[in-house]
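This report describes how the parts of one protein pack against each other. Please consult the sequence and the structure while reading.

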Amino acid sequence: MTRECAALLPGVCAALADPRQPGLDDTCLEKLLDWFRSLTWFDPTVELVQDNPCLTELITSVLALQDPSPSILSFTLQLAGILASSESRFQHLQQEKLLGRLFGREGPRGSAAWEDASVRSAWVKGVHSMVHHQPALLFLCSMGGMDVIFTLQGDPSLFVASAASQLLVHILTFSLESETSKVLSTKDCDWPVCAQMIVKHIQESLQSSSASHMEQSLKLLSSLFGSCFGSCYAAWTEVLWSDVAKQIESFLLEETVQPQPLLANLLLNVARSPVFCGTEGSFWALVTSALEHLTPVQAGPLAVGLLKLCKCPQDVRIQALTVLLQPMDCILRAASQPLECAGLLDESVSDPGTVESLLSSKTTCAGLLCQTLAHLEKLLSLKHLRVDLPCVSLLRSLMTILQFCNGFLSPTSPLGSTISRNLINCFRVQKSALDVLAALSEEKDCDTLIGNLFDVLLAYLQSPNTSPTVLKKTFQATSKWLVHLQGLSCSNSQWQQTEKILEDVFVVLQKRLCSPCWEVRDSSLEFLTAMVKCLRDQKEFRQCFLSSEVLRLTENLLEDPESYVRASAVTAVGHLALITCFAPESPVTGSQYNKESIVAKLQEILSTDSEGFPRRAVISIFTKWLREGCTGQLEDTEQFISRVIQTVERDLDWEVRLGGLELVEVFCSQTICQLSQCPYAPVSSALTSSTPQKELLQVFCRAKLFGFLFGSLCDCDKPVGQRACDVLVGLRGRFYPMSTLENPQEIEDSPAGRGIAWLQRTLRQGSLAQNFPMDGGDGVDFQDPETMMLALGAIDLLELHDELNKSSDHVEESPQSLLQDILATVGTIEENEVDCY
């Protein structure tokens with residue numbers, strides 16, 4: 001603790017203990033506690049409380065209050081726990097007889113203050129902070145603290161109940177850390193005292209007739225096995241599991257037992273423990289039993305969790321996959337009777353009638369399918385899935401679900417008719433199914449169903465009943481499957497199929513680009529951009545695109561009344577230009593499609609659009625064009641960059657200005673590589689001579705880069721200043737490769753010295769100098785190569801870089817500032833009260 005803080009602390013403690021003072025803001029108290037946590041973390045000695053007696057005086061004063069406010073009492077409980085976290089400070093507070101009055105029977109847990117949830121929560125947090133040494137553990141047991149924690153497990157406040165459960169996990173884990181005895185077997189063990197109390201409490205609660213007690217213990221067991229206890233204490237983990245396994249098994253077999261939903265999470269956490277990695281043993285038999293006896297909704301999370309485990313036995317893994325596929329199998333079998341194609345499964349894990357019953361019910365059908373589809377999407381995202389998914393049948397099932405949802409399939413079976421009625425226009429299921437459909441595009445075994453699949457997707461794209469959110473998902477799935485289609489081997493029939501699909505897609509897209517709903521127009525433009533990114537080199541795609549009206553409709557949307565649509569149109573036009581304008585042999589002719597008109601239109605949007613989204617999109621597209629070398633020869637690029645910079649530097653949107661800096665950074669990098677003729681050298685040898693240096697500086701000055709970069713250092717939005725400084729530091733490294741700065745005296749004596757001195761003073765003001773004159777001030781010439789060379793050498797850009805990268809609260813959030821703020825707040829309140837009186 002600094003001397004300044006030590007001098008302020010007594011006044012703060014006195015103010016906190018004064019009942020006449022209104023309570024401080026909870027945020028201030030939390031920050032104060034955070035400061036004490038950091039102090040005690042690095043220094044376990046007793047000096048903190050000995051050198052600052054005001055801390056114990058604060059605790060004594062609060063305990064002496066007849067009716068302390070809940071916030072101050074809560075603060076005091078947590079402060080005492082933090083101070084008592086080291087054994088030496090704990091003994092000091094015990095000698096002062098403070099801990100018993102806070103955490104013991106005579107403390108707040110027996111008073112009216114205990115009715116406040118914040119006090120109970122603070123008591124738990126204080127104990128949690130304190131129990132990091134054996135004397136605190138013994139103190140807790142001797143003062144009846146364990147029974148209090150057991151009771152708080154069922155507290156009406158979820159925050160208190162959760163904190164109590166976490167505390168029990170901590171106590172059990174900590175009590176075993178100092179246990180030196182070896183556990184030889186499940187029959188030869190001796191739990192430490194506190195741990196024994198917790199284990200006994202768990203066993204008794206599991207056998208209790210109270211459903212809430214059972215649930216509390218199951219949650220506690222899940223937390224234990226899911227914590228470091230299950231990973232670091234293998235022998236004890238096995239002992240604990242052997243103590244409760246029989247009771248868990250009985251829960252699975254008794255259908256009337258209420259806490260069954262908690263069993264899946266418990267078993268999954270146990271399965272993650274290294275103890276049960278082997279393929280043999282009763283545990284995996286219990287997991288198999290759970291997959292059979294839990295309902296499909298309860299078994300789903302357990303099944304997907306097991307499939308993600310590396311060391312799950314293969315037979316259990318197959319059974320888990322079967323659980324997930326059962327609803328999809330039921331859908332496929334219900335679609336037609338007799339069954340026209342094979343289902344997903346040869347046999348079921350549990351009674352198929354259960355799944356059929358859930359899918360037949362209007363209230364449970366959508367929920368079960370959405371959960372199943374979410375699990376399947378998660379599995380498809382895994383890089384290494386240790387079971388084979390029946391992708392063709394799964395794809396067929398997904399298409400069936402989507403056809404049920406839009407009413408395009410009329411099943412003949414009674415079950416199919418019921419499911420179809422339940423799913424008609426069900427947006428939730430449609431979105432989930434389309435997500436899985438998109439994920440399946442990565443698989444290689446579904447080629448035989450491509451035609452049927454696009455029939456389903458096009459039906460959704462064409463239907464006026466497709467909601468905007470479902471349409472967006474359909475577009476995303478369609479773009480992924482179009483990429484998949486591109487990767488197939490190209491026979492003549494395949495070429496024809498691809499061309500027909502693309503033609504149909506562009507017909508639908510033309511219609512959707514004219515939709516009265518702005519969300520639909522926006523999604524259509526995003527879909528078009530995604531297609532161009534992936535398919536612009538494909539001959540069929542270019543032909544279909546150029547023979548459609550899509551380009552004209554997209555350009556029309558640059559003037560859409562909705563800013564989101566204008567921004568998406570800018571992005572789409574920018575990507576389409578790579579086909580229409582910037583391709584080596586551009587297939588589009590006509591003045592309305594030439595490069596100059598497109599650039600002029602986007603520059604007009606950048607300078608005149610009233611919303612930030614389209615302007616950000618323009619600067620992003622310009623940067624993409626520059627990266628891909630679409631802006632022409634160096635002279636043309638200079639003029640282009642100069643025009644863009646002069647527009648961007650006046651923009652009120654900081655993200656546009658930041659985008660402008662990214663554009664400048666790409667331009668600098670490309671120009672250096674072009675003039676140095678060595679794109680991979682960190683510092684080009686060509687720049688060591690004076691001629692290339694001058695040429696490079698002349699290019700940058702003609703493009704008016706330096707006024708923009710130095711002015712951005714004073715930008716009121718910090719990310720802009722940071723990015724500008726990064727660019728300038730990079731440039732200085734190019735011109736001064738050995739980090740040798742110019743002699744300050746030489747600079748001062750030079751003709752440009754006065755201007756550079758002014759620039760240094762202005763930059764020190766930072767964002768206070770927001771009205772930075774881009775055309776120079778006090779004689780500095782940002783377009784003079786020699787002046788800019790001197791400026792890069794003279795100005796300490798690294799110091800500026802450090803200043804800009806400092807957190808804005810590095811001063812305001814210091815402990816000293818916090819203590820001063822608390823005292824100032826207290827003083828202000830007193831003055832106001834006097835004035836009002």
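## Overall architecture

The model is predicted. The protein contains 43 helices and 0 strands. Of its 837 residues, 53% are buried.

## Helices H28 and H31

Two packed helices are described by the angle between their axes and the distance between the axes. For helix H28 (residues 518-535) and helix H31 (residues 563-580), the axes come within 9 Å and cross at roughly 25 degrees. Angles under 35 degrees count as roughly parallel, and H28 and H31 are therefore roughly parallel to each other. The crossing in which H28 passes H31 is left-handed.

On the H28 side, the contact involves Trp518, Arg521, Asp522, Leu525, Glu526, Leu528, Thr529, Val532 and Lys533. These residues meet Tyr564, Val565, Ser568, Ala569, Thr571, Ala572, His575, Leu576 and Ile579 in H31. Sorted by class, the contact of H28 with H31 comprises 10 nonpolar, 4 polar and 4 charged residues.

## Helices H38 and H42

Helix H38 (residues 718-735) packs with helix H42 (residues 797-805) at an angle of about 155 degrees, and their axes are 10 Å apart. Angles over 145 degrees count as roughly antiparallel, and H38 and H42 are therefore roughly antiparallel to each other. H38 and H42 form a left-handed crossing.

From H38, the residues Lys718, Gly721, Gln722, Cys725, Asp726, Leu728, Val729 and Arg732 take part. Their partners in H42 are Leu797, Leu798, Leu800, His801, Leu804 and Asn805. The contact of H38 with H42 consists of 7 nonpolar, 4 polar and 3 charged residues.

## Helices H17 and H19

Helix H17 (residues 282-293) and H19 pack with their axes 10 Å apart, at an angle of about 15 degrees. This angle makes H17 roughly parallel to H19. H17 passes H19 in a crossing that is left-handed.

Trp284, Val287, Thr288, Leu291 and Glu292 of H17 make the contact with Val316, Gln319, Ala320 and Val323 of H19. By class, the residues of the contact of H17 with H19 are 6 nonpolar, 2 polar and 1 charged.

## The largest nonpolar core

The largest nonpolar core has 275 residues, of which Trp241, Leu306, Trp625, Phe706 and Phe710 touch the most other members. Helix H19 (residues 314-335) provides the largest share of this core, with 11 residues.

Which residues does phenylalanine 706 touch, not counting residues up to four places away in sequence? On that basis, phenylalanine 706 touches Leu697, Phe700, Cys701, Gly711, Leu728, Leu731, Phe782, Met788 and Leu792. One of these, Leu728, is also among the residues of H38 that meet H42.

## Alanine 117

Alanine 117 lies in helix H8 (residues 117-130). Is alanine 117 buried or partly exposed? Its relative accessible area is 28%, and buried means under 20% whereas exposed means over 50%, so alanine 117 is partly exposed.

Leaving aside neighbours within four places in sequence, alanine 117 is in contact with Ser157 and Val160. Alanine 117 and aspartate 155 are 38 residues apart in sequence, and their C-alpha atoms are 8.9 Å apart in space.

How values were computed: Residues numbered from 1 in each chain as written. Predicted model: local features only at pLDDT ≥ 70, side-chain atom pairs only at ≥ 80, totals over all residues. Heavy atoms only, no water. Axes fitted to C-alpha atoms, helices over the stretch in contact; angles between N-to-C directions. Helix = DSSP H or I, 4+ residues; strand = E, 2+ residues; numbered from the N terminus. Parallel < 35°, antiparallel > 145°, perpendicular 65-115°, else oblique. Left-handed = near helix turned anticlockwise from the far one by under 90°. Contact = heavy atoms within 4.5 Å. Nonpolar A, V, L, I, M, F, W, Y, C, P; charged D, E, K, R; others polar. Core = buried A, V, L, I, M, F, W, Y, C linked by side-chain atoms within 4.5 Å. Buried < 20%, exposed > 50% of the residue type's maximum accessible area, 1.4 Å probe, protein only.
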